[in-house]
Amino acid sequence: MEMLTIGAFARACRLSPKALRLYDELGLLRPARVDPDTGYRYYAAGQLERARLVAWLRRLGMPLAEIRRVCALGSGAAAVEIRAYWARVEAETAVRRDLAAFLVDHLTQEPRRDTTVNTLELRHHAHSDRGRVRPANQDTAYAGGRLLAVADGFGPAGAPASTAAVEALRFLDTRETPAGGVLNLLEDAVRGAAQAVRDAADGTEEAGTTLTALVWTGSRLALVHIGDSRAYLLRDGELFRITHDHTVVQSMLDEGRLTPEEAVSHPQRTLLLKALTGAAATPASPDLRLHDAHPGDRYLLCSDGLPAVVPDDTIRRLLATAPAPDAAVHTLIAAANGAGGPDNVSCVVADVVETAA
């Protein structure tokens, strides 16, 4: 069997030796032989096809965990998975493309009022439930004509922290916000929310809250997100998660160090990388994003008590079949409680509807 040194193999498959060592550690691409004395890796020529596939998938931007799953499939099934992955990428890219187009338009034209403000509006409902296990509810959920928000508190002052974070954004519900400045306004508002949380937690570092909110401008929704509460978009029957969990487990998934199946039972699955806390340090920066709204869109904001026990396929089905936001909220909360309700669960559902001009 023809053997290649790690350097020769790297050149042949266009993966760096550093990448090959990482893929060895992750079990994604093991060397054919490791010298017992020097630890030097050797690869078989027959491994080049798999290595090239890994390199191509990395160029697509596919996370390592997904690459490992794709490489374990036959050619036909792998092609189906790659097609599905790319469809998700295109959906996410479309959102960023719309933001880029808006920014170009905003920077090259004279400021103008949003002419669609009187033709689209939100119909919404919010509810927070203690669940079946927790002795108290530390979540806060809010829905108004311009502001939707969910916060999931934790620690000894979790309930006051989540309430303070949402209350700090409530001023956004009483003022008309132009799309052009809404992201800057949201960033400033989150700084105010961070201070409010510190005051509510009275300097207790172990207390804090997540915060996920949407602000309506009349034609767009601006998202601010920190923590592991989530926002979803149901459009044309398809469900898209538009937030990324700021957790240790999610970072390990992104790096390919965990599979989705392993993540479900990982002991650190609730450990946050970002949150608003009682610590005096500078708060972690939130994710900020702008979404164009289409008539018929349905948005869901929820604390992690929902997705922890209700699969995304079920969330999609329940969202798609509920006739109105209030029915959707109560159906989703009932599903979480029906699955044991191990955590507080809060949901906000908002529909984008056309109204008479």
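**Exercise 1. Find which residues of H4 are buried, and decide whether the helix is mostly covered.**

Solution. In H4, the buried residues are Leu64, Ala65, Glu66, Ile67, Val70 and Cys71. Here, buried means under 20% relative accessible area, exposed means over 50%, and partly exposed lies in between (1.4 Å probe, protein chains only). Now set that list against the helix: six of its eight residues are buried, and H4 is mostly covered.

Before going on, a word on the model: it is predicted, local features need pLDDT of at least 70, side-chain atom pairs count only at pLDDT 80 or more, and totals for chains, interfaces and linings use all residues. Residues are numbered from 1 along each chain as its sequence is written, and side-chain values use heavy atoms, with hydrogens and water left out. Helices (H or I, at least four residues) and strands (E, at least two) are DSSP runs, numbered from the N terminus.

**Exercise 2. Describe how H3 and H4 cross, and name the residues in contact.**

Solution. Start with the axes, which are lines fitted to C-alpha atoms, for helices over the stretch in contact; angles run from 0 to 180 degrees between N-to-C directions. Those of H3 (residues 48-60) and H4 (residues 64-71) come within 10 Å and cross at roughly 140 degrees. That makes H3 oblique to H4; the cut-offs are under 35 degrees for roughly parallel, over 145 for roughly antiparallel, 65 to 115 for roughly perpendicular, and oblique for the rest.

Next, list the contact (heavy atoms within 4.5 Å). H3 brings Arg50, Leu53, Val54, Leu57 and Arg58, while H4 brings Leu64, Ile67, Val70 and Cys71.

**Exercise 3. Work out how H1 is placed against H2.**

Solution. The axes of H1 (residues 6-13) and H2 (residues 17-25) come within 9 Å, crossing at roughly 100 degrees. That makes H1 roughly perpendicular to H2. Ile6, Phe9 and Ala10 of H1 meet Pro17, Leu20 and Arg21 of H2 in this contact.

**Exercise 4. Give the strand order of the sheet, and say which strands stand at the edges.**

Solution. The order in this open sheet of three strands is E1-E3-E2, with antiparallel pairing. E1 (3-5) and E2 (33-34) stand at the edges, each with a single partner strand, so one side of each is left without a neighbour in the sheet. Two strands pair if DSSP finds at least two bridges between them, and E2 pairs with E3 (residues 41-44) in the antiparallel sense over two bridges. Look for Val34, which stands opposite Arg41 in E3.
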